[in-house]
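User: I am new to this structure and would like to learn how to read its side-chain contacts. Could you walk me through them?

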Amino acid sequence: MAHKIESAQSFIEGRGGNFCRACEGTDLFSGLNLGNLPIANELLPMQVRDIDKFPLHLKICSECGLGQVADVVTPERIFRDYRYLSSMSSTFLQHAADFVNQQVHSGVFESGDWVLEIASNDGYLLKNFIPLGIKVIGVEPAENVAEISKNLGIQTISEFFSSKLAIQLFESYGYPKMIIANNVMAHVPDLMDFVKGLRVLCGPQTRISVENPSLSNILVGMQFDTIYHEHYSYLSTFAVQNICQLNGLELIKVEQLTIHGGSNRYWLKSSGDPNQIDASVGNLIKHEIDIGLFTEKNWKLYSLNVNEILMNFLIWLRTKKELGMKIYGYGAAAKASTILNCIQIDPEHISAIADLSLEKQGRFMPPHGIRIISPDELVFENPTDVVIFPWNIKFEIARQLRMRLGFEVRLWCAIPEMHEI
Ligand SMILES: [Zn+2]
């Protein structure tokens, strides 16, 4: 099947992928070109040889510091049938519960307030507000995932967030007291319209919390396996400040979090009072410039390092196989798809990948249709070595695997370089 590039004309108005989606500048340089890869979360119901692949090329805007993939696969293709459930990780559940507790105890909520979460997934976060009597609305376009959230009693709108939807929400409910947008801005092709939507719903008392893995961690932490088609944008503090200012919002504070291997929590408010801006904003932008985040030659060096990591992983797999080891993977996450497709492994290199999610078990991961099995089946198949792909929760997974598999099985992680856990 010929490689197929779906048209993105509806949201970029025919200008192609060579302009910055945050500042509309045209001075973009190559950050990392991963070639043609399948869509990372598109797990197949059967083993097939020919699958759709799309170019995956990270480019950096030298004017505002946004990272973005140059070619865009339509969100309808990626997100309508989505298999990532936030509730699958106890780390994420705890992170969400801690955030809600922290906000509620800070005393920002009054009677009649409501909270909007964009990309509310399976209700992993909003469910914490319900026992407190705070009204919540979730926006979650993946209908299969939204259904789980609705069953928890969470009012969930199964649409993509946009300025149009924001106007409808405002007309029906007024300004929310808080808008939460965790790990969603990366998933939005039309970043400008998304931020316009935030502005529509941002009243004088509204606080907006945006969490997103940071571009600087992709560079410094060698987290290239977080680059995949569903991540259209890779945020830097500088880029967030720019896109906010273009849309009447102000970035007032940035918190650095350890979740997802290093995320930033950006606090936004409506613009107007320069005294409300915390020193963290300027400090982080200075740090981004100091580490060369917006410098082309740094990214050229980065590309060479990524190549070396991939080569080493492939050599490791071949050597282990020659020694007769039974190698399995754990975590059929998008990260696994990116790295396995980059190295183009032979089908026999990894026997299967285990995953807790019932949504994923029984399916197959491209390129060669690696089986996705349950953790129980993994125990039954008696592996000698297990590669944990979601390195951001590797210790949580390692604890679970040790309980199931004992201490003789060797556990590994390929990022930032091949190492035993
Ligand atoms: Zn830009």
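User: Are F313 and W316 buried or exposed?

Analyst: Both F313 and W316 are buried. Buried stands for under 20% relative accessible area, exposed for over 50%, and partly exposed for what lies in between, with a 1.4 Å probe and protein chains only. Please keep in mind that this is a predicted model, where local features need pLDDT of at least 70 and side-chain atom pairs count only at pLDDT 80 or more, while totals for chains, interfaces and linings use all residues. Residues are numbered from 1 along each chain as its sequence is written, and side-chain values use heavy atoms, with hydrogens and water left out.

User: How do I read a pair of aromatic rings?

Analyst: Two things describe such a pair: the distance of the centres and the angle of the planes. Rings of Phe, Tyr and Trp (its six-membered ring) pair if their centres lie within 6.5 Å; planes under 30 degrees apart are stacked, over 60 edge-to-face, and the rest tilted. That rule gives nine aromatic pairs here. In one of them, the ring centres of W114 and Y173 are 5.6 Å apart with planes at 55°, so this pair is tilted. W114 belongs to strand β4 (residues 114-118) and Y173 to helix α5 (residues 163-173), so the contact ties together parts 59 residues apart in sequence. Helices (H or I, at least four residues) and strands (E, at least two) are DSSP runs, numbered from the N terminus. W114 is buried at 4% relative accessible area, whereas Y173 is partly exposed at 33%.

User: What is the geometry of F313 and W316?

Analyst: Their centres are 6.3 Å apart and their planes at 25°, so the pair is stacked. F313 and W316 are three residues apart in helix α10 (residues 296-322), about one helical turn. Ring pairs also bring in W412, giving a cluster of F313, W316 and W412.

User: How should I look at the zinc ion?

Analyst: Start with the donors: N, O and S atoms within 2.8 Å of the metal (3.2 Å for Na, K and Ca); water is not among the atoms, so sites may look incomplete. Here the SG atoms of C20, C23, C61 and C64 coordinate the zinc ion at 2.3 to 2.4 Å. Then come the angles, for which the ideal with four tetrahedral donors is 109.5 degrees. Around this zinc ion they run from 103 to 117°, which makes the arrangement tetrahedral (four donors, all angles between 85 and 135 degrees). C23 sits in the loop between α1 (9-12) and β1 (28-37) and C61 in strand β2 (residues 54-61), so they tie together parts 38 residues apart in sequence. C23 is partly exposed at 22% relative accessibility, while C61 is buried at 0%.

User: How many salt bridges are there?

Analyst: The count is eight, where a salt bridge is a side-chain nitrogen of Lys or Arg within 4 Å of a carboxyl oxygen of Asp or Glu. One of them joins K177 and D113, at 3.0 Å from N to O. This pair links distant parts of the chain, 64 residues apart. K177 is buried at 12% relative accessible area, and D113 is buried at 16%. Another joins D385 and R410, whose closest N and O atoms are 2.9 Å apart. D385 lies in strand β16 (residues 385-388) and R410 in strand β17 (residues 410-413).

Notes. Four donors count as tetrahedral if all angles lie between 85 and 135 degrees; four count as square planar and six as octahedral if opposite donors are over 155 degrees apart and all others between 65 and 115; anything else is irregular.
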